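Open the model in your viewer and switch to a cartoon view.

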Amino acid sequence: MVNGMEVECLEKILLTSRIFANIKEALDYAKKNNYYGIELYLNKMRLMLNPQKAEEFFNELNQYPELYFSFHFPTSDVEIGHKNKFYAETSLKYLMMYIDFLRPWLTRQKYRPIFTMHIGANSIPMELLNWETSKDNLKKLGQYVSKANGCLHLENLKMGWTAQPKKLIDLVKYAGVNITFDSGHAASSPLVLEGKISIVEYINQLKPFIRYVHLYAYETLNEGRHMPPKTWVEIEDIWRSIKSIKEIRGITLELITLPELENTYNLLKKHSNI
């Protein structure tokens with residue numbers, strides 16, 4: 001399924017490992033329910049320095065050759081654009097370390113796994129970040145990921161620089177990376193909430209750089225909870241816009257409970273003939 005085969009957008013649905021207690025549970029569920037693959041959520045799971053443990057992890061993934069894998073870098077304790085140079089440099093090296101851990105597995109893949117990351121995570125005030133540091137470290141990380149047979153993607157968030165299409169495009173163009181479009185973050189961004197642009201217009205501005213998608217209805221402003229669509233109308237226009245981007249390599253249903261994942265997957269199957 002993954003190795004060289006062109007797959008239509010409707011078939012590129014992934015789930016996030018964050019829902020499951022362990023990776024084996026996520027792998028079995030994805031295979032049983034015919035998902036395209038899994039986005040491995042590294043905020044919840046950590047990779048081990050012990051080479052033997054790393055090899056055990058790789059072997060576990062290798063038992064599911066029909067699944068496509070992408071990765072979401074840690075965000076809770078990382079900020080490569082921080083104005084404190086020590087924090088920024090430490091964050092950059094920390095993420096590079098993850099690539100080093102995964103390099104033996106990455107270089108054996110016949111595709112280039114996507115790594116999604118944040119700049120300005122957890123609604124950190126933008127005055128604590130530095131624009132030039134953000135650009136330079138994003139470029140360095142993008143090059144590092146690419147040399148290991150991966151692809152770095154920067155995600156739009158609901159607040160900050162990456163919530164503004166022009167600034168997000170400036171960052172990814174400078175760094176030579178692509179975009180993971182997060183529909184829930186876009187829906188909860190000031191630009192959309194204040195009616196300055198629609199989500200479809202938001203997508204259209206980012207379209208040349210979107211290669212991966214996080215799909216859900218919206219993110220709550222206070223708790224940061226990802227909310228599922230209750231009806232097809234909530235995501236119909238978003239889905240139509242996503243379908244028009246032929247270069248998209250995967251769409252993660254980024255929900256946080258299994259019932260919400262299943263309901264959203266069933267909604268898509270009902271209306272999109274997955």
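Are α5 and α8 roughly parallel or oblique to each other? Bear in mind that this is a predicted model. Select both helices and look at their axes. The axes cross at roughly 25 degrees and come within 10 Å. Angles under 35 degrees count as roughly parallel, so α5 and α8 are roughly parallel to each other. The crossing of α5 past α8 is right-handed.

Now show side chains at this contact. From α5, pick Pro165, Leu168 and Ile169. From α8, pick Tyr202, Gln205 and Leu206. Five of these contact residues are nonpolar, one is polar and none is charged.

Stay on α8, residues 199-206. Select Ile199, Tyr202, Ile203 and Leu206, which are buried. Turn the view to look down the axis of α8. The buried residues fall within an arc of 95 degrees, so they line one face of the helix. Next, show what covers them. The cover includes α5 (165-175), β6 (178-182), α6 (183-187), α7 (190-193), β7 (210-215) and α9 (233-243).

Move on to α2 (residues 51-62) and α3 (residues 85-106). Their axes lie 10 Å apart, and the helices pack at an angle of about 45 degrees. The pair is therefore oblique. The crossing of α2 and α3 is right-handed.

Finish with the side chains of this second contact. α2 brings Phe57, Phe58, Leu61 and Asn62. α3 brings Phe101, Leu102, Pro104 and Trp105. The contact of α2 with α3 has seven nonpolar residues, one polar and no charged.

Terms used
Residues are numbered from 1 along each chain as its sequence is written. This is a predicted model: local features need pLDDT of at least 70, side-chain atom pairs count only at pLDDT 80 or more; totals for chains, interfaces and linings use all residues. Side-chain values use heavy atoms; hydrogens and water are left out. Buried means under 20% relative accessible area, exposed over 50%, partly exposed in between (1.4 Å probe, protein chains only). Helices (H or I, at least four residues) and strands (E, at least two) are DSSP runs, numbered from the N terminus. The arc is that of the directions from the helix axis to the C-beta atoms. Contact means heavy atoms within 4.5 Å. Axes are lines fitted to C-alpha atoms, for helices over the stretch in contact, and angles run from 0 to 180 degrees between N-to-C directions. Angles under 35 degrees count as roughly parallel, over 145 as roughly antiparallel, 65 to 115 as roughly perpendicular and the rest as oblique. A crossing is left-handed if the near helix is turned anticlockwise from the far one by less than a right angle, and right-handed if clockwise. Ala, Val, Leu, Ile, Met, Phe, Trp, Tyr, Cys and Pro count as nonpolar, Asp, Glu, Lys and Arg as charged, and the others, Gly among them, as polar.
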